Structure formats: structure tokens, C-alpha cells
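Welcome, and please open your viewer with backbone torsions ready to display. We will go from one selection to the next and see what is there.

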Amino acid sequence: MSLFPTHQLILRHKTEGRYERGRWIAGDPIDTVFYSSWQPVTGKALEQLPEGKRSGEVYKAFPSLDLEFTPADAHAGAEADVIVWRGKSFEVTVASRWDNGILPHWELICTRPKEGET
């Protein structure tokens with residue numbers, strides 16, 4: 001999809017959890033390799049993030065619509081997807097679907113806290 005150089009990334013999506021005999025069992029992670037541009041975020045995009053998400057590493061990715069992404073704020077109780085790049089894990093904080101018929105793609109904003117922050 002990208003006009004920019006692409007990187008191999010891993011989408012780590014957790015399957016839905018469940019209760020078993022009254023105990024919560026977390027979903028299993030499923031890793032999927034995909035390719036996308038991966039660019040640092042600056043300016044207005046940073047200002048749109050919640051306060052606690054701005055201070056760490058923040059990147060944008062523009063993958064094709066082949067996959068579905070779950071952002072941190074998507075559904076109450078749903079775990080956000082994680083993007084792994086160069087061994088570092090980034091939470092999908094914002095996921096916008098752009099299906100304009102010309103160049104359909106996702107616009108993802110992925111965040112990782114600074115070392116020592118949670």
C-alpha cells in the first residue's frame with residue numbers, strides 16, 4: 001500500500017478470553033506477519049493522543065486492509081492489539097480505516113511507554 005519503504009511487522013492479537021468454572025482464562029496470542037510503512041509521529045498527531053501516551057515512542061503505520069486491528073479504546077474489556085517492530089512491542093492506540101476506493105488502508109498510531117513508565 002505504501003509509497004514509503006515498508007518494514008516487516010508482527011500483529012499480535014489475543015483471541016477472546018472466557019470464563020471456565022468461574023475463573024477467567026485470558027485469550028491466546030496469535031501472531032501475523034505483515035508489511036507496512038513505519039514512521040515516527042510528530043506534531044498534531046501527538047496532540048490528539050491522551051496525555052499519558054505522548055511521552056514515549058509513538059509511530060504511525062499504514063498497512064493494507066487485509067487485516068483487522070483492535071485499538072486500545074475500541075471496546076470495553078477488549079485488549080488492544082500489539083505491533084512488534086525490531087523486538088519492541090507497541091500498543092495500537094488509534095486505528096482508523098480508510099476505505100476510499102483509491103488506496104484503501106489503515107492508519108494506525110502505535111505507542112510504547114518510555115523505559116520505567118507503565
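Two strands pair if DSSP finds at least two bridges between them. The strands themselves are DSSP runs of E with at least two residues, and helices are runs of H or I with at least four, numbered from the N terminus. This is a predicted model, where local features need pLDDT of at least 70, side-chain atom pairs count only at pLDDT 80 or more, and totals for chains, interfaces and linings use all residues. Residues are numbered from 1 along each chain as its sequence is written, and side-chain values use heavy atoms, with hydrogens and water left out.

**Stop one: Arg21.** Select the loop between β2 (18–20) and β3 (23–25), where Arg21 is found. Its phi is positive, about 55 degrees, although Arg21 is not a glycine. Most residues other than glycine have a negative phi. Arg21 counts as exposed because its relative accessibility is 86% (exposed is over 50%, buried under 20%, partly exposed in between, with a 1.4 Å probe and protein chains only).

**Stop two: β7 and β8.** Now select β7 (82–85) and β8 (88–98). They pair in the antiparallel sense over four bridges, and Ile83 stands opposite Phe90 in β8. Which residue in the turn of this hairpin has a positive phi? Arg86 does, at about 55 degrees, with two residues between the strands. At 67% relative accessibility, Arg86 counts as exposed.

**Stop three: β8 and β9.** Pick Arg97 and you will find its bridge partner, Trp106, in β9. This hairpin has six residues between its strands, and Gly101 takes a positive phi near 85 degrees.
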